[in-house]
Amino acid sequence: MKLEIKDMTFSYSSVPILNDICMALACGEILTIVGPNGSGKSTLIRCVDRILKPQTGSILLDERDIREMRRMEIAKRLGYVPQSASRVFPVTVFETVLMGRRPHLGWKSSQKDREKVVEALGLLGIEDFALRDINEISGGEQQRVLLARALAQEADILLLDEPTSNLDIRHQLEVMEIIKKLVAKKGLSVIIAIHDLNLASRYADKVVMMKKGRIFAVGDPAAVFTPQNIIETYGVESVVKHDDGELYILPKRPVCA
Amino acid sequence: MAADGRQRDAQVEEKYLNVTGKKVSFILILPPLILLTLGIATSLGSADITMGEAYTALLHKFFPDYFRSNWLAETCVWDLRLPRILMGVLAGAGLGISGGVIQGVLRNPLASPYTLGISSGAGFGASLAILAGAGLGGGQYLVIGNAFAFSLISAFIIIGLASQKGATPETMILAGIAMTCLFSSATTVLQYFGEADAVKEAVFWMVGDLGRMSWNKLFMVFMALVICLPLLLFKAWDLNIMGAGDETAESLGVSVKRTRLEMMVVSALLVASIVCFTGTIGFIGLVAPHIVRMVIGGDNRFLLPASGLVGAIMLLVADTVARRIVAPVILPVGTLTAFLGVPLFLYLIMKKRREYF
């Protein structure tokens, strides 16, 4: 197992957010986390990256407990991709991707760092606006920039927090295709917190469905996305169709609890 | 295909290096510009000295064999004008850099070195000394010591409160506003009971003035800069990353809370040690970083040094005008920083298509 989470709990002051989380990510696997708002998806991702510190439980990265690893060591292994690029002050695409080299470089960027940045820009097809301001490009392009930063970081596990929620359907699909391509090409392992159940099922090797800070169901998409599970986690009546080995999930109406 | 890709890659990198080169040249142009302005400023004053004489008097000190100077020029330059002018350069540099740092740390374009309550703290400390005659130190250092102590008290209360609450920019800004109000009210109370002349003195202390400088004072500010600047500049890269959000910065290996608090403490020390000598000169710390951002962008590795240099020029020019505009009366420089800076600033805002806020 690439990454293993055992009995992890996390709470803000005394409000429990995550309870008894156990899950595992295999090498080269795409795992999606779904669940209603407030079910703990983003918190789970932040705990894995030690942005938040879980109170109990352990997270093993290649059999090593990440609590024993230094911040920089974790930064070389785990790449965090936030939902959007929030900037107050101007910064170019190139500079943003160069930030991914932080775990590797000192104050000054070297030839090698710049090459890694250029390579990442090329892989995501965004070299044409390398010197544009990140606030001037579209949401889909911004998402690619953030992915490029994680690539420049040379992390082998990517943690994505709702990468598609600000995007139109074409850009949603494009971003997911890029992730799939990167997994195949670079042997990355990926955890994605995501709201869209259809994207979550189509691109995932494994799905974790959460409800109120606990894992409600886990397994391959067809096993997790059943009308029964969806009604119990989301309180939404739905139709799930199987066609050509693809899963189509159509939410119909909220049900009264 | 592969060769094509490589060529493209090289082009992207070259474009980046070009832009970086331009930023470096912008920074390299500024020091000679400061030296030139410094020479002009030195030659201006109530005694008639030409620029040639001013430069000769300057160089005479370093190379007495090569440059012969007269007594008048030497006294004017070295004893009267240079301490004041150099203080302008150092204070402007310190305010410019710490303005850039604090805007970056708080991720807020409206922040300035005074967001940490330093101006009102210093104002209160100085008023206490001027109006009530109470405070730390004695003689001319009564006001200075008081201003220094109270600006740090204000800053450290804010930093301390914020560190209890996770050190988010929002907490710091709100705590800063609260402390500013508190100290301003306290100052007003002091002024209400003060003598008219003393109140006037206190008010003009707060406006900021470069008069009554000496080599001793200059040396102290210089040491503060020598200690603080490397600490701030060294963190410029982490400051860039913190601009991308706390989570992102943490995941890239920056300990956000610690870095933020450290940079705040260092900036507070730097600004307090300037302000206690000069009074709370406004505008430079807010605007110098913005002017630089409009010219060379927001990368703090270039922004911070450039803000310092631009701040130095701005304050130097403002002070020279303040000395000469209604000569022989010398205005406090704080009255002119905004008068001169605002037109330039507004021009840049209107001219630039990109928006920053």
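Of the 25 residues of H13(B), 22 are buried, so this helix is largely enclosed by the rest of the structure; a residue counts as buried if 20 or more other C-beta atoms, placed from the backbone, lie within 10 Å of its own, as exposed if 12 or fewer do, and as partly exposed in between. Helices (H or I, at least four residues) and strands (E, at least two) are DSSP runs numbered from the N terminus. The helix H13 of chain B covers residues 300-324, and its end C-alpha atoms are 35 Å apart, which agrees with the 36 Å that its 25 residues should span at 1.5 Å a residue, the expected span being 1.5 Å times one less than the number of residues.

This is a predicted model, in which local features need pLDDT of at least 70 and side-chain atom pairs count only at pLDDT 80 or more, whereas totals for chains, interfaces and linings use all residues. Residues are numbered from 1 along each chain as its sequence is written, while chains are lettered from A and ligands numbered from 1 in the order in which they are written.

Where the chains meet, 32 residues of chain A are in contact with 32 residues of chain B, contact meaning that the C-beta atoms of two residues, placed from the backbone, lie within 7 Å. On the side of chain A that touches chain B, two or more residues each come from helix H2 (71-77), strand E6 (78-81), helix H3 (93-98) and helix H4 (111-123) of chain A, with H4(A) giving the most, four residues.

The largest nonpolar core has 183 residues, and those with the most contacts inside it are Val97(A), Leu121(A), Ala148(A), Leu159(A) and Ala272(B); such a core is a set of buried Ala, Val, Leu, Ile, Met, Phe, Trp, Tyr and Cys residues joined through C-beta atoms within 7 Å. Helix H3 of chain B, residues 71-105, gives the most to this core, with 16 residues. Not counting residues up to four places away in sequence, Ala148(A) touches Val97(A), Ala120(A), Leu121(A), Leu124(A) and Ile126(A).

In chain A, six strands form an open sheet with mixed pairing, in the order E6-E7-E8-E3-E9-E10, two strands being paired if DSSP finds at least two bridges between them. E6 and strand E10 (214-219) of chain A stand at the edges with a single partner strand each, so one side of each is left without a neighbour in the sheet. Within this sheet, strand E7 (residues 157-161) and strand E8 (residues 189-193) of chain A pair in the parallel sense over five bridges, and Leu159(A) has Ile191(A) as its bridge partner in E8(A).

Elsewhere in chain A, strand E1 (residues 3-12) and strand E4 (residues 56-61) run antiparallel and are joined by five bridges, with Leu60(A) in E4(A) as the bridge partner of Glu4(A). E4(A) also pairs in the antiparallel sense with strand E5 (residues 64-65) of chain A over two bridges, where Asp65(A) is the bridge partner of Leu60(A). In the hairpin of E4(A) and E5(A), with two residues between the strands, Asp62(A) takes a positive phi near 50 degrees.

Finally, Cys22(A) lies in strand E2 (residues 15-25) of chain A and counts as exposed, with 12 C-beta neighbours inside 10 Å. Leaving aside neighbours within four places in sequence, Cys22(A) is in contact with Ile5(A), Lys6(A) and Asp7(A).
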